[in-house]
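Me: I would like to learn how to read the features of a protein model, one at a time. Could you give me the general idea first and then the case in this structure?

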Amino acid sequence: MEVLGLLADGFATSLTPLNILIVILGVTAGLFIGAMPGLGSVNGVALVLPLTFIVPPTSAIILLAAIYYGAMYGGAVSSILLGIPGASTAVATTFDGRPMALQGKAGLALIAAAVASFVGGTISVLLFTAFAAPLAELALKFGPAEEFALVLLAFTTFVGLGGDDTLKTIVMICLGLVLSTVGLDMISGQPRLVFGDIPGFYAGISFLVLAIGVYGVGEVLYTIETARTSPAVSTARLRMRDLVEGIREMNKMWKTMSFGSVLGFFVGMLPAAGATPASLMSYGLARTFSKKPETFGKGNIEGVAAPETANNAASTGSLLPMLTLGIPGSPTTALLLGGMVMWGLMPGPMLFIEQKDFVWGLISSLYTANLAAVLINIALIPLFVWALRMPFSVLCAMVLVLCILGGFAPSQKLHDVWLIAGFGVAGYLLRKADYPLAPLVLALVLGPLMEKSFRQALISTQGDPMIFFSRPLSATFMVLAAIFFALPLLKMLRQRLSKRPAPAE
């Protein structure tokens, strides 16, 4: 009953005229950002983050969460119409969504994606409401040792889910940790890695500058090089008959959508896991348990529903560890975490005690954002098609201008603009070399927290590292971290051994 009362108070905050307008604007902007190839929720949140200082913190987080939600919906648009995922979270949607569009069923596929996203978002928000407070109470038992072990687990989890190239993921995490140490030492106050006493580095490297550089400028440079011809856009007609047929088809897949929603929510809760692995796992399991697995990849509507429910559920699940533990569950929530710190709010268990209006205003806004997203998504399908036909030269110029403004506005220093340009070139080169960029951003955000908790724990025990193994929670996290770190390395070693030629007899 207490949760219902807090949720009711949250609706009193989120349903004010200002916040309702912010939800509608955020969802609409997120839908277009998610639909644009090469953009996605990370870019949208990074570009809009500097603008949030003109509204109160509660309205600011509602805006960013609405953009996040809208982008998860919009990612399916370009996947279906162009065969190009709007973001990595919509990769699995392409497998069956694009074949449906080529078969003249683009409208049905878009409706299926919207309905599945709504189901995944609704179930995940209900789970969020139920589990937020208990997890926050558990987090109250965390000390520096537990915080360090949990952040270490976040990094090793990301290594385990980072794909086959484990070494590249580790390299990017280490690079991000190095960048997080630039500036003044948090305990001694001594300057570190200021590159010849350059004043601009004394404040450290902002995660916002890094994110805009590697995701914004870097993505534009990469797309300019790789785009040879404009992809053909499929014609999408949306008639009332298509809407009725789509809803009727989705009613037959309630098991798939329910399972995908629960799976996506709990995978999204894993530190640094996010929506991409959740959507791929949901697609794979749906295909495994389908009565017609041979139709997947050829235009099976279930192949659209499964990943769309999972990635939207994961986007909500990734907010939970960010709010309760201060650990982002995805690159986008890493940006949200940094934004909260900039607004003077410290994510963690005390947030649920000291800032109840903020927390429950955000949770209640997820309900309204989910409803607004599905309605706006269906209504704007014809407009999405028009936006995707925009010449890339125009889109490229718009993104670059927003990157420069977004980097300059918070600090009003040209130093950050030059850093954005440098990180943009670096992001482009790393992308060409197939290095993952998400671990870099996550490490920069989590690095200071990891260093702070590590040093606090050692100072409290006069340098005894056994504190990380003598406390039950921290010891559990350390063991899990070792397992997550060892598994991909063992897999890589086994693959290399299997490629060795057999010895001649």
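Me: Where in the chain is Ser-393 found, and is Ser-393 buried or exposed?
Reply: Ser-393 is found in helix H19, which covers residues 392-411; helices (DSSP runs of H or I, at least four residues) and strands (runs of E, at least two) are numbered from the N terminus. Accessibility is read with a 1.4 Å probe on protein chains only, where buried means under 20% relative accessible area, exposed over 50%, and partly exposed in between. Because its relative accessible area is 52%, Ser-393 is exposed. The C-alpha atoms of Ser-393 and Ile-224 are separated by 9.0 Å, although these residues are 169 apart along the chain.

Me: What should I keep in mind about the model itself?
Reply: This is a predicted model, in which local features need pLDDT of at least 70 and side-chain atom pairs count only at pLDDT 80 or more, while totals for chains, interfaces and linings use all residues. Residues are numbered from 1 along each chain as its sequence is written, and side-chain values use heavy atoms, with hydrogens and water left out.

Me: How many helices and strands are there in the chain, and what percentage of its residues is buried?
Reply: The chain has 23 helices and two strands, and of its 505 residues 54% are buried. A contact means heavy atoms within 4.5 Å, and among the contacts in the chain with a separation of 6 or more, 79% are between residues 24 or more positions apart.

Me: What span should helix H11 have?
Reply: The expected span of a helix is 1.5 Å times one less than its number of residues. Helix H11 (residues 254-269) has 16 residues and should therefore span 22 Å, which agrees with the 23 Å between its end C-alpha atoms. Buried residues in H11 include Thr-256, Met-257, Leu-263 and Phe-265.

Me: Which residues of H8 are buried, and what of Leu-175?
Reply: Among the buried residues of H8 are Thr-166, Lys-168, Ile-170, Met-172 and Gly-176. Leu-175 also lies in helix H8, but it counts as partly exposed because its relative accessibility is 36%. Between the C-alpha atoms of Leu-175 and Pro-439 there are 9.1 Å, with 264 residues separating the two along the chain.

Me: With which side chain does the side chain of Asp-96 make a polar contact?
Reply: A polar contact is a pair of N or O atoms within 3.5 Å; within protein, one must be able to donate a hydrogen and the other to accept it, and residues adjacent in sequence count only if both atoms are side-chain atoms. The side chain of Asp-96 makes such a contact, of 2.7 Å, with the side chain of Tyr-283. Asp-96 lies in helix H5 (residues 91-102) and counts as buried because its relative accessibility is 0%. Leaving aside neighbours within four places in sequence, Asp-96 is in contact with residues including Tyr-283, Thr-295, Lys-298 and Asn-300.

Me: Which residue's side chain is joined to that of Ser-117 by a polar contact?
Reply: The side chains of Ser-117 and Glu-308 are joined by a polar contact of 3.1 Å. Ser-117 lies in helix H6 (residues 106-139), and with a relative accessible area of 1% it is therefore buried. Beyond its neighbours within four places in sequence, Ser-117 is in contact with Tyr-73, Glu-308, Asn-312 and Asn-370.

Me: What phi does Asp-434 have, and what phi does Gln-462 have?
Reply: Most residues other than glycine have a negative phi. Asp-434, although not a glycine, has a positive phi of about 65°, and it lies in the loop between helix H20 (414-432) and H21. Asp-434 counts as exposed because its relative accessibility is 57%. Gln-462 is likewise not a glycine and has a positive phi of about 55°, in the loop between H21 and helix H22 (467-470). With a relative accessible area of 78%, Gln-462 is therefore exposed.
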